[in-house]
Amino acid sequence: MKRILYVASEAVPFIKTGGLADVVGSLPKYFNKEEYDVRVILPKYMCMSEEWKSKMNYVTHFYMDLAWRSQYVGVLEMQYDGVQFYFIDNEYYFAGAKPYGNIYQDIEKFAFFSKAALSALPLIGFRPDIVHCHDWQTGLIPVLLKDKFHEGEFFRDMKSVITIHNLKFQGVWDVKTVRDITGLPAYYFTPDKLEAYGDANYLKGGIVYADAITTVSDTYAEEIKMPFYGEGLDGLMRARSNSLRGIVNGIDYEVFNPETDPCIEYHYNVRNFRKEKIKNKRALQSELGLNQNDSTFMVGIVSRLTDQKGFDLIACMMDEMCQNDIQFVVLGTGEEKYENMFRHFAWKYQGKVSANIFYSEALSHKVYAACDAFLMPSLFEPCGLSQLMSLRYGTVPIVRETGGLKDTVIPYNEYEGTGTGFSFANYNAHEMYHTLQYAMHIYYDKKREWNKLIDRGMAADFSWNNSAQKYKELYDWL
Ligand code: ADP
Ligand code: GLC
């Protein structure tokens with residue numbers, strides 16, 4: 001039996017800000033329980049819903065030294081969907097209306113969390129063979145495992161893996177403060193270890209010290225070795241390329257299933273979508289006050305509204321795109337300039353553009369089910385889950401060929417009759433627009449071809465089965 005511990009800052013259904021939560025919340029389910037004991041440890045944020053907090057059971061508590069401070073660490077637990085979850089409690093660090101977002105607080109918060117997660121293990125009585133860390137928030141763990149923790153019998157030879165979900169976020173702060181917070185000796189703060197460009201960098205620490213590094217698609221694993229995508233760490237990625245591999249994300253095929261999804265009104269599958277899917281479109285048009293029209297090409301966007309996702313291209317082409325027989329359904333929150341941009345277009349093109357500037361799991365499912373196409377012209381995309389959800393719901397993705405978008409969406413080839421979506425290579429507004437126009441042409445003028453695109457997309461398998469196998473191989477190799 002192999003024991004694996006996932007340490008992360010978020011996981012569904014407890015807390016979610018992006019795709020990381022989907023991954024950490026669903027992947028552990030896909031390991032055979034006879035062979036792998038996969039458990040997950042998360043912070044217990046005060047902003048988690050009461051529904052979950054009230055179901056957690058107290059396990060133990062202790063006081064932990066964090067440099068010169070002594071801090072309370074509570075440990076709670078809960079089984080969910082067959083997976084054992086633990087939660088680290090500390091009301092000073094995990095207060096606030098959002099789980100994280102202010103780097104000056106987050107730096108200390110996740111130093112605390114990383115050390116607390118390891119320190120709790122002997123008390124819980126769970127000794128993992130491998131600690132699997134996710135993103136910069138847990139980057140200190142591989143460092144700690146090689147530092148003091150290494151001296152105790154319990155932690156000796158414990159291996160670590162770090163998965164990079166987004167290289168853009170690295171957890172960077174000045175060396176002096178980070179030394180003060182973590183109590184780590186000066187030895188670690190050199191450019192071959194935790195330091196990068198004069199500052200302390202949590203993710204870099206994780207990448208330097210982890211026994212293996214993964215990221216969430218093959219293409220992204222290659223891209224981050226180049227300056228354009230490397231976020232200043234491309235040299236390190238090249239240096240560690242022997243230990244770096246891409247494993248593409250999957251999605252939870254039980255939760256994202258158009259045949260059973262409780263969030264959508266009309267269920268369908270790959271055999272009857274031609275008749276049934278349209279009913280969800282009608283329902284959404286009426287719910288959001290869009291013009292009632294079966295044939296209008298409906299495009300969905302469900303996203304964090306940030307530069308990463310290519311919204312400057314959309315800003316540039318929105319007026320032109322709206323000259324067509326088209327509708328946009330936008331669901332997202334993020335940068336104010338993009339929130340206001342979509343509010344503006346919803347006002348300007350009433351009946352054509354619906355801007356839903358909030359977070360709603362239920363509405364996101366309705367968008368995936370109702371739309372004809374899904375637009376995701378990302379500047380970079382480590383993997384992307386929204387396009388996988390779209391494929392699953394028979395909504396044709398239109399994407400830029402980067403990272404996981406390139407690896408999961410096969411571009412339509414009208415001569416061979418292959419492909420599951422539409423894509424373009426260059427980060428260029430007109431290229432995006434021409435690709436969208438091409439998609440519209442197939443939709444309006446070659447409906448049979450369009451439906452075959454949906455057939456192929458819905459038949460593709462992006463459940464975790466394939467990728468969980470790759471993680472198993474990695475764990476076994478370690
Ligand atoms: P990222 O992690 O970079 O944000 P992904 O495509 O990997 O991008 O994952 C985004 C996840 O967040 C998807 O599950 C998507 O449906 C969801 N999501 C994003 N914005 C919203 C929103 N406003 N309401 C509901 N779900 C959202
Ligand atoms: C990050 C990336 C996204 C990826 C997700 C889960 O948020 O931006 O592309 O799908 O992590 O790995």
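**Figure 1. Strand 13 in the shell around ligand 1 of a predicted model.** Strand 13 contributes three residues to the shell around ligand 1, the most of any element. The model is predicted: local features require pLDDT of at least 70 and side-chain atom pairs count only at pLDDT 80 or more, whereas totals for chains, interfaces and linings use all residues; side-chain values use heavy atoms, with hydrogens and water left out. Residues are numbered from 1 along each chain as its sequence is written, and chains are lettered from A and ligands numbered from 1 in the order in which they are written. At least two shell residues each are supplied by helix 1, strand 13 (297-305), strand 14 (326-334), helix 13 (361-370) and helix 14 (386-392). Helices (H or I, at least four residues) and strands (E, at least two) are DSSP runs, numbered from the N terminus.

**Figure 2. Composition and polar contacts of the ligand 1 site.** Ligand 1 is surrounded by 22 residues, of which Gly19, Arg304, Lys309, Tyr368 and Leu385 are the closest; a residue is near a molecule or strand if one of its heavy atoms lies within 4 Å of it. The shell comprises eight nonpolar, nine polar and five charged residues. In this classification Ala, Val, Leu, Ile, Met, Phe, Trp, Tyr, Cys and Pro are nonpolar, Asp, Glu, Lys and Arg are charged, and the others, Gly among them, are polar. Domain 1 (2-250 + 465-477) and domain 2 (273-461) each provide at least three residues of the shell, with domain bounds taken from an automatic or database domain assignment. Oxygen atoms of ligand 1 lie 2.8 Å from a side-chain N or O atom of Lys309, 2.9 Å from a polar side-chain atom of Asp22 and 3.3 Å from a backbone N or O atom of Ser386. On its own, ligand 1 exposes 560 Å², and the protein buries 93% of that; accessible areas come from the Shrake-Rupley method with a 1.4 Å probe, and for residues only the protein chains shown count as cover.

Figure 3. The side chain of Asn249 places an N or O atom 2.8 Å from an oxygen atom of ligand 2, and a backbone N or O atom of Cys383 is 3.0 Å from a ligand 2 oxygen atom. For Asn166, a polar side-chain atom lies 3.5 Å from an oxygen atom of ligand 2. The protein covers 93% of the 310 Å² of accessible area that ligand 2 has on its own.

Figure 4. Five of the five residues of strand 17 (residues 396-400) are buried, where buried means under 20% relative accessible area, exposed over 50% and partly exposed in between (1.4 Å probe, protein chains only). In a regular strand, side chains alternate between the two faces of the sheet. Val396, Ile398 and Arg400 are buried on one side of strand 17, and Pro397 and Val399 on the other. Strand 16 (residues 373-376) pairs with strand 17 in the parallel sense over four bridges; two strands pair if DSSP finds at least two bridges between them. Met376 stands opposite Val399 in strand 17.

Conventions:
Polar contact = N/O pair within 3.5 Å; in protein donor to acceptor, adjacent residues only side chain to side chain.
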